[in-house]
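Hi everyone, thanks for coming. Have a look at the model on the screen, and I'll walk you through a few spots in it.

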Amino acid sequence: MLLFLFRRLVQGLAVMFVISLISFSIQDNLGDPLREMVGQSVSEAERQALREEMGLNDPFLAQYGRFISKAVRGDLGTSYFFKEPALQVIMDKLPATLELVFGATLLIVFISVPSGVYCAIRPNSWLTRLILGVSILGISIPVFLTAIFCIYLFSIELGWLPSYGRGELVSVFGLWESGYFSKDGILHLVLPCFALASIMLPLFIRLIRSEMVEALHTEYVKFAKAKGLRKVRVYFVHALKNTMLPVLTVGGVQIGTMVAYTILTESVFQWPGMGFLFLEAVHRVDTPLIVAYLIVVGGIFVIVNTLVDILYGLINPTVNLARTAQ
Amino acid sequence: MKKILKSMAGMVLATTLAVGAQAATLKVAYDSDPVSLDPHEQLSGGTLQMSHLLFDPLVRWDKDMNFEPRLATKWERKDDLTMRFHLRQGVKFHSGNDFTAKDVKWTFDRLRSSPDYKAIFEAFAELKVIDDYTIDLVTKKPFPLVLNNATYIFSMDSEFYTGDDDKGQPKDRLVKHAGSFASRNASGTGPYIVERRQQGVRTDYKRFADYWDKQSPGNVETITLTPIKEGPTRVAALLAGDVDFIFPVPPNDHNRIYRSSNSELVVLPGTRVITLQLNQERVEAFKDKRVRQAINYAINNKGIVDRVMRGFATAAGQQGPKGYAGYVEGLKPQYDLEKARQLMKEAGYEKGFSITMLAPNNRYVNDARIAQAAASMLAKINIKVDLKTIPKAQYWPEFDLRAADIMMIGWHSDTEDSANFTEYLTACTDESTGWGQYNSGNYCNHKVDDMIRLANQETDLAKRAAILQDVERTLYEEAAYVPLHWQNLAWGAGKGVQAESVVNVMNFPYLGDLVVTQ
């Protein structure tokens, strides 16, 4: 286990290094940060002077070297727009994104597991057909359309739910400003969480259903049924447990997609999280922030994949972590 | 005793209710946020909108483009170089300090050290303090735009910004890319103070109790400003009643706001002109006046305004909009396809030629679609256009390199003055003066430059307007560039928000004077 973690750490650092190199070398193509910082009538000479002052005219290696030497001390540069350490800015926005992802995950788990299992048990019922039909629709509609439709229906027409932002936040132990502890905050979470979940839901319903169908045909489930165990126990303990491994694999991979889709969801709902921050940073050519975001997201990927692998080991002890890491 | 208490409670309740009916809160959603609380850090619409809330200028524009006294109560011209301003007395800063002439001088000196504002104040020699409530603005040469520039002098609280902050940096430090004391703290004389600010997420403003302007009808006690980048989200927030005031409203959503019973649309003709520049150094044919004219005749500005902009713009035949000094009533957009073909034939380009064109796709309203429309119109006179549209972040470096044969540029005059358009867009490129910095057409006519130079020293405003009108006529006849249209401005307002009385073509709504009825 320790060996596995150590290898993952080395891998992670290598990934981070490559990301930093790539994002650093593309930054010249992202546009001119000075243009976003100065008014239209500022002269070229004035802009050159500012560029010089900010070290933007230095050769690539000098700039990159400066970046790396600071990065190893935990300083990923200072955001041009926020004027604060980029890492700090991202960490400030991280809770908003995590709460969004958490809410979406809850929705996915609590909707996809029961409906997937139901569809497997009752393959011919009208409800199954409805669920599968809607999920095809869900797969084919892009997330921002779902989001705009939700806003139109629930905010404008019905007036039930707020259309943007996070609403009232409650401070938890002074560490975390959370939307989960006030009615207003929860109301603000509903639509964005649903929009974000909508991309993954169909996938998971279908995956759980097909894995479950397979499990129901296995000998041990038939045996358990024959033994007269309660149906709920057979379905949810015996059968479901064995469908979870592939679901977890897909889930781990999908976390990446989720990060990508938070960008879209957050920008439609003006959700003050990391994804929205990134999109804005691209618009503003806030290069230090862009680089820092890519590194942080890279880090999240590495951590999540490591966690998924560890969970694997816990669910199915025959998986040998140290060996799979090779 | 009990009875007395009860009636007292009743009285308290009654007064709170009365205040509650008077004071209103306003939730505002703009498409962007000011980058800083420092009014001198960046010259942008967002900064100026903020400055009108937190600070006060010496004078400001009213709805008819006249000057309205603010911190200066009156002004008079002493001689060719000097304009005297009398300052308002009894004005307090948010910090409690008194506002005097030394604050204006301090502000003026700081403005002249700001990279963004330096150019605007180039013409000035100094600001002289005569006494506590009188100042003289002295220019190097006779200069007609003293009052235009005075709209930029938002007095800061010199005492408040003096000394060192907790990081050991001077409080008045002016930097762009690192946080400074002034970028996080503000003390002005304006109608609002900042209560809480999360950059890029939300800013809460609270009405300043000691605000000097007791005549102002404004009754908005607190303002929450949320930047909402996405147009559809901004409109949805208004329609859902989550915000009360939005800018801008994308043309596609105008009807939704019109139709909605609890919101209103306020539209004003804007002052930002959208143009195409024809690069004469890259394309030999563009050196021929007839070809440039043919292009002007081939592009149907009116059609673009009607179809692409859905009527949300004014077709232009010149640079400066109506109301500006140089505006000439007779310069209408030209559109005559037959004449265009005729001119191409005369110039020997009947068979046409191929060129490249570059336009941004997220800078101006419908920019990419305007460029597409223009390109297809040019096809009718056999000019084949290879059009590329790119995001503004990548566009500006390309624009600086003048990297395509036709490029799109929109311009709003920082001084609300006609000469500014020529200086940046159509003057001969001169790096030492900065003239022609945005002239990607490389059009150069020294006669025009001389006229502008003359106009910039002419303090008789009628004479000056005549010169500037001559400039517009010359550029029109020469077909120096292709004027397309002036973008309109549109705000959306919720019920009871009397937005119409505070919005203006410069797009800094005077929210301090806003009246909201419940």
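B:Pro248 sits in the loop between strand S11 (245-247) and helix H7 (254-259) of chain B; helices (H or I, at least four residues) and strands (E, at least two) are DSSP runs, numbered from the N terminus. The bond joining B:Phe247 to B:Pro248 is a cis peptide, with omega about -15 degrees.

A word on the source: this is a predicted model, where local features need pLDDT of at least 70 and side-chain atom pairs count only at pLDDT 80 or more, while totals for chains, interfaces and linings use all residues. Residues are numbered from 1 along each chain as its sequence is written, chains are lettered from A and ligands numbered from 1 in the order in which they are written, and side-chain values use heavy atoms, leaving out hydrogens and water.

Over in chain A, A:Gln270 is not a glycine, yet has a positive phi of about 50 degrees. You'll find A:Gln270 in the loop between helix H10 (231-269) and helix H11 (274-284) of chain A. Most residues other than glycine have a negative phi, and most peptide bonds are trans.

Now, how do the two chains meet? Chain B gives 46 residues to the contact and chain A gives 42, contact meaning heavy atoms within 4.5 Å. How many salt bridges are there between chain B and chain A? The count is six, a salt bridge being a side-chain nitrogen of Lys or Arg within 4 Å of a carboxyl oxygen of Asp or Glu. B:Lys229 pairs this way with A:Glu280, their closest N and O atoms 3.9 Å apart.
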